[in-house]
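Here is a friendly briefing to read alongside the structure. Take a look at the fold first, then follow the points below by topic.

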Amino acid sequence: MTLPTLLVLDADPPPRLGRLTGRTRVLHTDDAGLAALLPEADVLLVWDFRSRAVRDAWPGAGPRPAWVHTASAGVDHLLCPELAASDTVVTNARGVFDQPMAEYVAALVLAAAKDLPHTVRLQRDRVWRHRETRRVAGTRACVVGSGPIGRAIAATLKALGVTPALVGRVPRTGVHGPADLDRLIARADWVIAAAPLTGQTRGMFDAHRFGVMQPSAVFVNVGRGELVDEPALAEALRRRWIAGAALDVFTTEPLPADSPLWDLPGLLVSPHMSGDTAGWRDELGTQFVDLFERWAAGRPLVNVVDKKRGYVPGH
């Protein structure tokens with residue numbers, strides 16, 4: 001019996017695949033070696049979810065894997081026209097990051113409302129300065145992205161007494177459509193971007209959208225950096241069109257040391273860590289092994305991405 005070949009686009013530390021010992025032939029590669037090894041693979045595991053090597057390597061000659069899994073919620077880093085048009089099944093890590101990201105967003109909202117960054121600066125300077133802060137309960141949030149992550153964010157904020165409104169690609173029960181976005185962000189205290197990156201969402205937070213927001217609003221992006229027109233956000237913060245922002249994702253990552261975003265007034269920068277909690281890599285590895293066992297047994301895969309839409313449909 002010929003064992004299937006699993007090709008892993010590696011990142012450090014590599015995935016734990018012990019349960020697959022003797023059940024698959026495992027090859028490891030980096031970006032440079034991916035194109036040469038793709039024709040040998042039945043399955044490709046994109047463990048390095050920050051790599052864009054798949055987009056470059058996929059259009060080459062030879063057979064391609066029947067299944068590609070990415071250890072991330074987003075799939076924009078690997079979908080190219082050739083992969084989207086192929087019969088290859090693409091799955092993602094849907095479900096792993098939902099609650100951690102929701103907790104992170106809640107922490108950012110509380111930190112902004114309670115002025116915690118300023119408190120840390122004052123403590124560092126040994127300054128005792130009493131201030132009044134904002135109450136979170138009774139405020140409104142607009143969460144853009146109605147998938148599992150967006151729904152988890154909305155539920156967690158609701159537990160804090162925030163009234164959330166979800167915005168998705170199409171309107172349905174409990175979810176507003178894009179036509180309602182301007183109206184909802186115009187009255188929101190917290191605007192949360194948690195949408196996948198698609199042709200429709202790229203650059204959706206631009207000068208117009210920041211101009212619609214209240215001067216007291218805080219903008220948070222935990223989706224993809226390309227959802228935001230970063231120069232427009234910088235201008236909005238400098239002109240105080242909005243009260244503040246927190247970005248966990250950026251158009252260029254890592255954020256260059258000379259980027260003006262580091263020094264913007266009212267902007268909190270974090271290094272794409274909102275979904276990464278202790279043990280997250282083990283959880284991603286376990287999820288993939290479970291999926292591999294389904295695939296090897298001929299059972300239908302879950303977390304299957306609609307390659308035309310760029311995300312897992314169904315919600």
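## An exposed loop residue

Ala278 is exposed, with a relative accessible area of 85%, and this is a predicted model. The residue is found in the loop between β11 (267–269) and α10. From Ala278 to Glu132 the separation is 146 residues in sequence and 34 Å in space, C-alpha to C-alpha. With that starting point in view, here are the main features by topic.

**The five-stranded sheet**

- Five strands make an open sheet, ordered β2-β1-β3-β4-β5, with parallel pairing.
- At the edges are β2 (25–29) and β5 (89–91), each of which pairs on one side only.
- From one strand to the next, the twist averages 20°.
- β1 and β2 run parallel and are joined by five bridges; Leu7 stands opposite Leu27 in β2.
- Helix α10 packs on this sheet and touches β1, β3, β4 (67–70) and β5. The direction of α10 makes about 165° with that of β4.

**Around strand β6**

- Strand β6 (residues 140–144) is mostly covered, as four of its five residues are buried.
- Strand β7 (residues 163–167) pairs with β6 in the parallel sense over five bridges, and Val143 has Leu166 in β7 as its bridge partner.
- Together with helix α6 (residues 148–159), β6 and β7 make a right-handed β-α-β unit.
- β6 also runs parallel to strand β8 (residues 190–193), joined by four bridges. Here the bridge partner of Ala141 is Trp190 in β8.

**Nonpolar cores**

- As general background, nonpolar side chains tend to be buried together in soluble globular proteins.
- In this model, the largest nonpolar core has 45 residues. Those with the most contacts inside it are Leu6, Ile153, Leu157, Trp190, Ile192, Leu284 and Phe288.
- At least two residues of this core come from each of β1 (5–9), β3 (43–46), α4 (98–113), β6, α6, β8, β9 (218–221) and α10 (280–296).
- Helix α4 supplies the largest share of this core, with eight residues.
- Another core, of 33 residues, lies apart from the largest one; Leu184, Leu227, Leu233 and Ala236 are among its members.
- What does Phe288 touch, leaving aside its neighbours within four places in sequence? Phe288 is in contact with Leu6, Leu17, Leu20, Val43, Leu45, Trp67 and His69.

**Backbone details to check**

- Most residues other than glycine have a negative phi, and most peptide bonds are trans. The residues below are worth a look with that in mind.
- Asp12 and Pro13 are joined by a cis peptide bond, with omega about 0°; Pro13 has its place in the loop between β1 and β2.
- A cis peptide bond also runs from Glu253 to Pro254, where omega is near -5°. Pro254 sits in the loop between β10 (244–247) and β11.
- His272 is not glycine, yet its phi is positive, near 50°. The loop between β11 and α10 holds His272.
- Asn303 likewise has a positive phi, near 60°, in a residue other than glycine, and lies in the segment after α10.
- Is Asn303 buried or exposed? Asn303 is buried, because its relative accessible area is 14% and the cut-off for buried is under 20%.

Note on methods:
Residues are numbered from 1 along each chain as its sequence is written. This is a predicted model: local features need pLDDT of at least 70, side-chain atom pairs count only at pLDDT 80 or more; totals for chains, interfaces and linings use all residues. Side-chain values use heavy atoms; hydrogens and water are left out. Buried means under 20% relative accessible area, exposed over 50%, partly exposed in between (1.4 Å probe, protein chains only). Two strands pair if DSSP finds at least two bridges between them. A crossover is right-handed if, with the strands pointing away from the viewer, the path from the first strand over the helix to the second runs clockwise. A nonpolar core is a set of buried Ala, Val, Leu, Ile, Met, Phe, Trp, Tyr and Cys residues joined through side-chain atoms within 4.5 Å. Contact means heavy atoms within 4.5 Å. Axes are lines fitted to C-alpha atoms, for helices over the stretch in contact, and angles run from 0 to 180 degrees between N-to-C directions.
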